[in-house]
Amino acid sequence: MRLYIALMLQKIWNHEPMYAVAERFGVEKGWLQTTLQSSISQAASIAKFSEKITTMWPLRKLLPELVQRLSEAAQPELLPLMTVDGIKKARAGILFKAGYKTVGMIARACPLKLVQELGTIRLAQAKSIIASAKMVLRDQVDEKMEELDVWGVATDNFSYF
């Protein structure tokens, strides 16, 4: 059973959808979510414990990253939103539920509407989030432009949004 759980967690780690993993291994999605949360919780507990015992230094270095990565893998659709400054997991979840599924949607958002939908931020923070989303998009466009340049595709007539 531990092997199957490890294989399921590996699939989730690789950002396979939760429903697909549950279907592949013949388990309920709820059971898989509970198992994932339990694994994250146990890893976090061991990480805390390893901070107290100096001989457990390898776990102290490894487990916090493991906990973070598994937590993020539990909701891969939120990862792109979390690349924007000022957006952590909880805020990304709120934005996703409000219909902001991409960084581009955040970049085009109205600051006042963002304040209303998040409810916990000021107008200055909303403007900062939108500006950061625009920067993320510009960086992504620049990377693609460099790739096109490497491939020999002309990009001289391209302008930003």
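Contact here means heavy atoms within 4.5 Å. Helices (H or I, at least four residues) are DSSP runs, numbered from the N terminus. With that settled, Ile5, Met8, Leu9 and Ile12 in H1 meet Trp31, Leu32, Thr35, Leu36 and Ser39 in H3. By class, that contact has 7 nonpolar, 2 polar and no charged residues; Ala, Val, Leu, Ile, Met, Phe, Trp, Tyr, Cys and Pro count as nonpolar, Asp, Glu, Lys and Arg as charged, and the others, Gly among them, as polar.

A word on the model: it's predicted, so local features need pLDDT of at least 70 and side-chain atom pairs count only at pLDDT 80 or more, while totals for chains, interfaces and linings use all residues. Residues are numbered from 1 along each chain as its sequence is written, and side-chain values use heavy atoms, with hydrogens and water left out.

Now the helix pairs. Axes are lines fitted to C-alpha atoms, for helices over the stretch in contact, and angles run from 0 to 180 degrees between N-to-C directions.

| Pair | Axis distance | Angle |
|---|---|---|
| H1 (residues 2-13) and H2 (residues 18-25) | within 9 Å | roughly 150° |
| H3 (residues 29-52) and H4 (residues 57-73) | 9 Å | about 155° |
| H1 and H3 | within 11 Å | roughly 90° |

The angle for H1 and H3 makes them roughly perpendicular, a label for 65 to 115 degrees, whereas over 145 is roughly antiparallel, under 35 roughly parallel and the rest oblique.

H1 crosses H2 in a right-handed sense, meaning the near helix is turned clockwise from the far one by less than a right angle, with anticlockwise being left-handed. On the H1 side you'll find Tyr4, Leu7, Met8, Lys11 and Ile12, and they meet Met18, Val21, Arg24 and Phe25 in H2. That contact splits into 7 nonpolar, no polar and 2 charged residues.

H3 and H4 are roughly antiparallel to each other, and their crossing is left-handed. H3 brings residues including Leu36, Ile40, Ala43 and Glu51, while H4 brings, among them, Leu59, Arg60, Pro64 and Ser71. The tally for this contact is 12 nonpolar, 2 polar and 2 charged.

Zooming out, the protein chain is divided into domain 1 (1-74) and domain 2 (75-160), with bounds from an automatic or database domain assignment. Their contact takes 5 residues from each of domain 1 and domain 2. The centres, taken over C-alpha atoms, are 28 Å apart. About 440 Å² is buried between the two domains, with carbon and sulfur atoms giving 57%; buried area is the accessible area (1.4 Å probe) that two parts lose on being put together, summed over both.

How values were computed:
Helix = DSSP H or I, 4+ residues; strand = E, 2+ residues; numbered from the N terminus.
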